[in-house]
Amino acid sequence: MGFGEVDAEAPQATRELAARLQQVAQRAGYSGVRALAAGSRVSRTTVSDAMAARRVPTWQTLAALLRGCDVVPDGDWAKALEAAKDAFERDKQMTKDLGHPTESATNNQVGTVPVPASPGTFSIRPPYGELPPRLRGREDLLHDLESRLAEGSTQIQVLHGLGGCGKTSVALYLARQARDQGYSVYWLSALTPDRFATGMREVARSLGADEALIEAAWTGRTSATDLVWRLLDAAEQPWLLIVDNADEPAWLASGAGLIGDGTGWLRSSQAGMTVVTSRTGNPDVWGRESQTHRIEVLAPPDAGNILLDLAGEAGDPADALVLAERLEGLPLALKLAGSYLARAARGAGLLRRRGQKPGRVKTFAAYTEALGEVGAGFLDLGEKWYPDDTDQEHKHRRLIGRTWEMSLDLLDEQQLPKARTLMRLLSCFAPVPFPVELLDTFASQNTPSDPDAELEQADQALEALIDLSLLDVIELPMGGADTEAESVPCLVSHRLVLEANALRLADSTEEERIAVWNTTSVMLECGATREPEYPQNWPWWRLMVPHTVAALKRVPDIDAPLRRLLAVGLKAYAYYNFSQVFDQADELAKLLLERASKLSADDPIRLSVCHRAALSLLKGEAQLSEFERVLAKQLEYLGPEHPETLITRHNVVTARPAGPATADHEAEIRSVLEARRRTLGADNPYTLITHVELSYLIASRGHEGNASEDEFDLLIGRTLGGSAPDSDLLPLANRHRLAHVLDDAKRWPEAEAEYRAMLTIVEKYGDRDSGFYRSMMRCLVSNLRKQRKYEDAVSTLTDLFRWYGDQKSPGWPTAPWALHIRHARADVLRLCGQAAEAEKEMRNVLTDRLMKTDLNDSVILDERHCLAHSMMDQEKITEAHKELRSIVASYAEILGPGEYATRRALTCLAKSLHGAGEHAEAVLRYEELFQAEIDALGENHTQALATHLRLERCRLESGQQSPQDAVSAMQGTLSRDLPTLTQDYPKLVKKVQDLIESIRPHSAVGQAAPRGGE
């Protein structure tokens, strides 16, 4: 057990390196040489020699040992290694000078028996056995490469892309095609300079080079690169040379040259074609004689088929497609997942458990679920484990948990340590475009005294990550597609790359985690300075919100970053609320409430979170009670005029129980308004919200004179008249409410202009697909109907239809909001006299709704009600009556006879029967309706009185009532509340009064009363 004693006779620097290695291994939990050898994939002898200072390890060995201990092999370790090497060499030379034989000399003394050499196993033959069953999704690229090969292209073909994207598979498939066509194929690994040079030596041998020439070239007396390329250029048989894993392009250059200058290991040739695979894709690196090809991830159908190729018994194609989309088409991940499931079908994983239940994963669906629970590390279980696999780097390239770490190790060796930190930071966010602007804080936070130098280092690290395809840059427009808005540069990374980095972050030291999360929270805090209440900032917040939500879900319970992220989350909630994305606001409120539970009950941030949760998740008395609880604490800790206290004070008034507003309510709203004007300004969105509320309160309390109208005019003038620097930048939620004020005041043209202005603003900032835009569109259509501008309403909705269809908007045309718009269009088509088209559209809407909803659902019944009206407009009376009878029966059964929807449908049925002359049933329906309205509203309610008037008319016209009795009954009904009846039902009252006047002379001489429905 243990690592043994460090050789006391070894040079000091060598002993120090060995001691540091032992400390690192012990901290990583290794008990001795055997365990460390297994964990790092280094032979026991090599580990033992390095830990005891008997030998100085190579850089590759040292890096392997450190990675096995989860330690980054950075520049500090490289310096320690160089010092140990120098000391060891000096000591060895000193021993030789003093006449003591070294180990190598001893082994070569005259008379000793030479140790038999091991058989050579180094091969430059392509590893065809690693080819997948079928190479999918690369047909176009392979066709291009095969054409270039056949045409004798002299350009070097560089296949580059993210680690694990399938570059080697493409090259290997091309190699097999070339072999079958009679080409000589040479396969060289560039994982290390030594391995590549050895491979080139074998190429020289295979081309017939004399051993003396090879010896001279490989001992530095002549040029090895020139020798190999003379032989390749002179080869009689066409060849394909593949250089795999050339992630360190500098290794391929000559001593003093550049990679693409034609003097190094890579050169163009008339005799054959060279193909390189690399994570580095910068064309400037490879030179003008090279052609680069980026290898992308696979499209979902191809990715799903790969899973079926590997594990066809693990489920159906639909489940395979879901898993492929979760893996985002990364070939390495697909291979690992498919291999795991194939092994599971053969019995692997019998003893594995997930949580407290058996967790053997045998299907695509179960694998997708396991990924959600365990994360990207679960993928590595798909790689077979070979106890004698000593090629650690090759092994790591086949593991999700290590393959991208190797890229970061490479950048560490290039003195770019910020690259790893940046990837750890990005893993804290969502796998969606990340605004580069947020990185300003990361770039300059450590050295405020020299921010330019820090920014340069961060920029170099970012460029290197892009070159290695770990990151990409895209430009996202900040406005709509039809505007000339500025674009925002954003970083994107493969989901699994981010997940693998998140796992590494979780396994790092507490100090490292705290540093990363502090930076993460500060980055978002700086990005949250744009006010979310204003529409010109909504495109920015659309980018910010996914990252805010992801960070809130993942941040550990570290006080400072958690508090910052909760504060940013409150602003994200404001964005959702003001842009009317209420379902997302509700979900965010739940998340905020969960994470804020770590703070003390009286913490101001937690109080604000509790307020937002009550606003989204509670109703009625429970909501008001929570507002009052929060307000009491805020008054105690923040004071009465703190912005958060004022928000809660406002909501305590607006959450009051239904009923007339009191003087106390009005006084409190006036107090909040004055406080907001003092602390926030008259044009602040929250000030204007309170001003609107005051106007409604004044109107509801019936102040004398024009007090309410004066307040409305003041609001409209402030918001629409441009008292702010730019009225277009005022919060749309305020302008929305003010447009409703105009609508309620029957100032319809002004309201229409305001609705259209708001829609234009939303279009300008690219939020046409938002809930707010759809809400405004519904308001505009309603306004146009009030003005009887039916053609305008149809045109507006038709344009909206076309836009959603062209944009392939998510949810169109069957999402609930889409069906609502289609219903609205059918309604206005009917009002335009296009009853047949209205009926057709309404039936289409019903068909789509019935795919997910029961026939007697209230929404379906409403659709059927509108359909009945379309049929009546086409004089399909019998069909319409049949539909209405069914609707009335369903409403009565589901909701009860007294509910509004039931009474509304019954009113339509009774009036239609009356108008069609079906008096007997009409009387029965009116009687049924009259009783329901008395039960629900009272016998003196105007709706009940209006129904009674219609009932008496129908009885008269059907002969069930004498003219004198009818006149007496109708006059009695009118006398109960003639002013209100005249206001609410002017046409009906006029008809009844005319009927009464016409009956009097007829009844005097015994004539029949005139007939006719309303």
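**Close-up views of a predicted model**

View 1. Strand E8 and strand E10, the latter spanning residues 487-492, pair in the antiparallel sense over two bridges. The open sheet that contains them is formed by three strands in the order E8-E10-E9, with antiparallel pairing. Because E8 (434-435) and E9 (472-477) each have a single partner strand, they stand at the edges of the sheet, and one side of each is left without a neighbour there.

View 2. The loop holding Ser-469 lies between helix H21 (451-467) and E9. Phi of Ser-469 is near 65 degrees, which is a positive value in a residue other than glycine. With a relative accessible area of 5%, Ser-469 is buried.

View 3. Although Glu-875 is not a glycine, its phi is positive, at about 65 degrees. The residue is placed in the loop that runs between helix H39 (858-873) and helix H40 (877-894). Its relative accessibility is 67%, so Glu-875 counts as exposed.

**View 4. Helices H10 and H11 make a contact of nonpolar residues.** The axes of H10 (residues 211-218) and H11 (residues 224-233) come within 8 Å of each other and cross at roughly 140 degrees. On the H10 side the contact is made by Leu-213, Ile-214, Ala-217 and Trp-218, while H11 contributes Ala-224, Leu-227 and Val-228. Sorted by class, these residues comprise seven nonpolar, no polar and no charged ones.

View 5. Ala-204 belongs to helix H9, which covers residues 193-206. Its relative accessibility is 0%, and Ala-204 therefore counts as buried. When neighbours within four places in sequence are left aside, the residues in contact with Ala-204 are Ala-209, Ile-214, Val-228 and Leu-231. Ala-204 and Ala-224 are 20 residues apart in sequence, and their C-alpha atoms are 9.1 Å apart in space.

View 6. A salt bridge brings together the side chains of Glu-215 and Arg-201, with an N to O distance of 3.5 Å. This pair links distant parts of the chain, since Glu-215 is in helix H10 and Arg-201 is in helix H9, 14 residues apart. Glu-215 counts as partly exposed at 38% relative accessibility, and Arg-201, with a relative accessible area of 22%, is likewise partly exposed. In the second salt bridge the side chains of Glu-211 and Arg-205 meet at 2.7 Å, N to O. Here Glu-211 is partly exposed at 42% relative accessibility, and Arg-205 is partly exposed at 31%. A search of the whole structure finds 51 salt bridges.

View 7. The side chains of Glu-957 and Arg-953 meet in a salt bridge of 3.6 Å, N to O. Because the two residues are four residues apart in helix H43 (residues 942-958), about one helical turn separates them. Both Glu-957 and Arg-953 are buried.

**View 8. Asn-537 is buried in the loop between helices H23 and H24.** Asn-537 has its place in the loop that connects helix H23 (510-527) with helix H24 (538-554). Its relative accessible area is 13%, which is under the 20% limit, so Asn-537 is classed as buried. Leaving aside neighbours within four places in sequence, Asn-537 is in contact with Arg-530 and Glu-531.

How values were computed: Residues are numbered from 1 along each chain as its sequence is written. This is a predicted model: local features need pLDDT of at least 70, side-chain atom pairs count only at pLDDT 80 or more; totals for chains, interfaces and linings use all residues. Side-chain values use heavy atoms; hydrogens and water are left out. Axes are lines fitted to C-alpha atoms, for helices over the stretch in contact, and angles run from 0 to 180 degrees between N-to-C directions. Contact means heavy atoms within 4.5 Å. Ala, Val, Leu, Ile, Met, Phe, Trp, Tyr, Cys and Pro count as nonpolar, Asp, Glu, Lys and Arg as charged, and the others, Gly among them, as polar. Buried means under 20% relative accessible area, exposed over 50%, partly exposed in between (1.4 Å probe, protein chains only). Two strands pair if DSSP finds at least two bridges between them. A salt bridge is a side-chain nitrogen of Lys or Arg within 4 Å of a carboxyl oxygen of Asp or Glu.
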